[in-house]
Amino acid sequence: MDGLLPDLDVVRKDFPILGRTTVDGLPLVYLDSANTSQKPQVVIDAMVDHLERHNANVARAMHLLGAEATEAFEGGRDKVAAFIGAPERDEVIFTKNASEALNLVAQTLGLEGPHRVGPGDVVVTTEMEHHSNIVPWQMLTQRTGAELRWFTFDEAGQLDLSQVDELITERTKVVTFTWVSNMLGTVNPVAELTRRAHEVGAIVVVDASQAAPQLPIDLAAMPVEERPDVVVFTGHKVVGPTGIGVLWGRRSLLEELPPFLGGGEMIETVTMERSTYAGLPHKFEAGTPPIVEAVGLGAAVDYLAGLGMDAVHAHEQAITAYALEGLGTVPGLRVLGPLDATQRGGAISFELAGVHPHDVAQVLDVRGIAVRAGHHCARPAHAKFGVQSSTRMSSYVYTTPGEIDALVEALHYTRDYFKVG
Amino acid sequence: MSAELDALYQEIILDHYKNPHHKGLRGDPSADGTVEVHHVNPTCGDEVTLRVHLEEADGVLRVQDVSYDAVGCSISQASTSVMTDLVIGKPVEEAMGVHEVFLTLMQGKGSVEPDEEVLEDGIAFAGVAKFPARVKCALLGWMAWKDATSQSMTTTAQGGDDD
């Protein structure tokens, strides 16, 4: 099959969890990577080594371990900056996860400052967002008296861009959207939407939680008018650990936003009356940061860079095309989202007529196949298709065509088991 | 492999799923003392709208009717269907007792021997208790019923004070 990672067997050996079996001794077929990815040994080792040999708090411990820990933590930032082609490494802020990164922006845009969102202003999102890119903006607009509006999408899972003139106007202060949909797999036109938003002076916030694992991202190479102002993603979907997210933001914007959380590390000087704040990135990193997580994330993005993000993307597309073809052989199965693998990401949500997603996932689980069933934190997008939930398979760098075969075979079995059709 | 599935998906469960009992919404929440609740399982999106109508006769408060409209998996749908069979027509106190027995079974992680005298078709859910992720599914309709019934009793009690 064209496009697969050349040393797929070797790649699989990098992920120790893939060697384990189910309680019944079946091989594990992990097709839930859009939920969280598995971790290569190099990430596990980097974190263990840090804890065993270099652990100390960062930036304030005046001793050997403190210096080593600080270097390791800031080294993680350098690696992440390189991974996304950040114009400046200090524009990379570590958060708890992508949700916190989005909340950081949404919350601070409601505070005093040149970008403050207020009554009469419009915030634009889309109907295909993860809840984490809907709820923070609902909270912002409800608190400030601004208006929340959104792009809808069509049956093919594409944003209705004919709404652009109506939605992106002089009143629009923020335009936010997902780069790759976690439910539909749709890849949204980042450059086009960003350019339109910038024409009216709006801030563009992009949720790259599903894009960063799959697509090569080079922010510095983007024309500035097409480059989003903020891009967020989470560590655990790019073969890194949980507990760490990334916010990249344009320096001039981050400097003009007020701090989010107050505490240690984010200050310059503190008196009992008032404080002055640290510069980027520390201004937005109150308290002891996720140190060992940053070390792990650094190793993770280095691992992906080693595979080459172009190769990772090609693998994802090859597996996705093969999966779409296989799923097409299952009677009564409807894919929710684009059907052309070259136009989409690797998460494929579907419904199987006559069998509820929970029951699908249960039967698959007994056969060692892990998928997600539910609304995938995208209820509005499900409502659009007239369904309340779906089953989702999502592949990654370690997924083989054989695993897709196992899924398709198990879906046929599921229909038989529930005596459908 | 199939045995493990069969332990979960008993024939009784699949029968109730395909042909749910007492399904559809009856009564009028705004007029006849019927209480309506809407419960969701936030992790998966399963939903049930459920109505309870209590009726007092000879000093005994009974479950006159339970009706519902629901979307969800086989376990949640079948469990709601079985629940209506078990509680409709029973005195509220006795129905609450059945609820307790079912709850104990579901929370027993597979260690509780189900009592067929009390649970009837409900014993089919004994296998569900071994699947922690599915216990919430099996309890969705039951929790909605308990909520609606408790609300109805509160309303009835307040109504009594006014007389």
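What share of the 421 residues in chain A is buried?

1. Buried residues account for 53% of chain A. Please keep in mind that this is a predicted model. The model as a whole scores ipTM 0.81 and pTM 0.92. Chain B has an average pLDDT of 90, and 94% of its residues score at least 70.

2. On the overall build, chain A contains 13 helices and 15 strands. Its radius of gyration is 22 Å, close to the 22 Å that the globule rule gives for 421 residues, so chain A is as compact as a globular protein of that length. Along the principal axes, the C-alpha atoms of chain A fill a box of roughly 70 × 55 × 35 Å. Of the contacts in chain A between residues at least 6 apart in sequence, 73% join residues at least 24 apart.

3. Now for the interface: 15 residues of chain A are in contact with 13 residues of chain B. On the chain A side, helix 11 (357–366) and strand 14 (372–374) are the elements that give two or more residues. Helix 11 of chain A gives the most, with 5 residues. By type, the chain A side divides into 4 nonpolar, 7 polar and 4 charged residues.

4. Helix 13 of chain A is worth a look too. Spanning residues 401–417, helix 13 has 17 residues and reaches 24 Å from its first C-alpha to its last, close to the 24 Å expected at 1.5 Å a residue. Its buried residues include A:I404, A:L407, A:L411 and A:T414, and also the charged-type names A:E403 and A:R415. After helix 13 comes A:K419, with a positive phi near 50°.

Key
Residues numbered from 1 in each chain as written. Chains lettered and ligands numbered in written order. Predicted model: local features only at pLDDT ≥ 70, side-chain atom pairs only at ≥ 80, totals over all residues. pLDDT = per-residue confidence, 0-100. Contact = placed C-beta atoms within 7 Å. Helix = DSSP H or I, 4+ residues; strand = E, 2+ residues; numbered from the N terminus. Expected span 1.5 Å × (residues − 1). Buried ≥ 20, exposed ≤ 12 C-beta atoms within 10 Å, placed from the backbone. Rg over C-alpha atoms; globule rule 2.2 N^0.38 Å.
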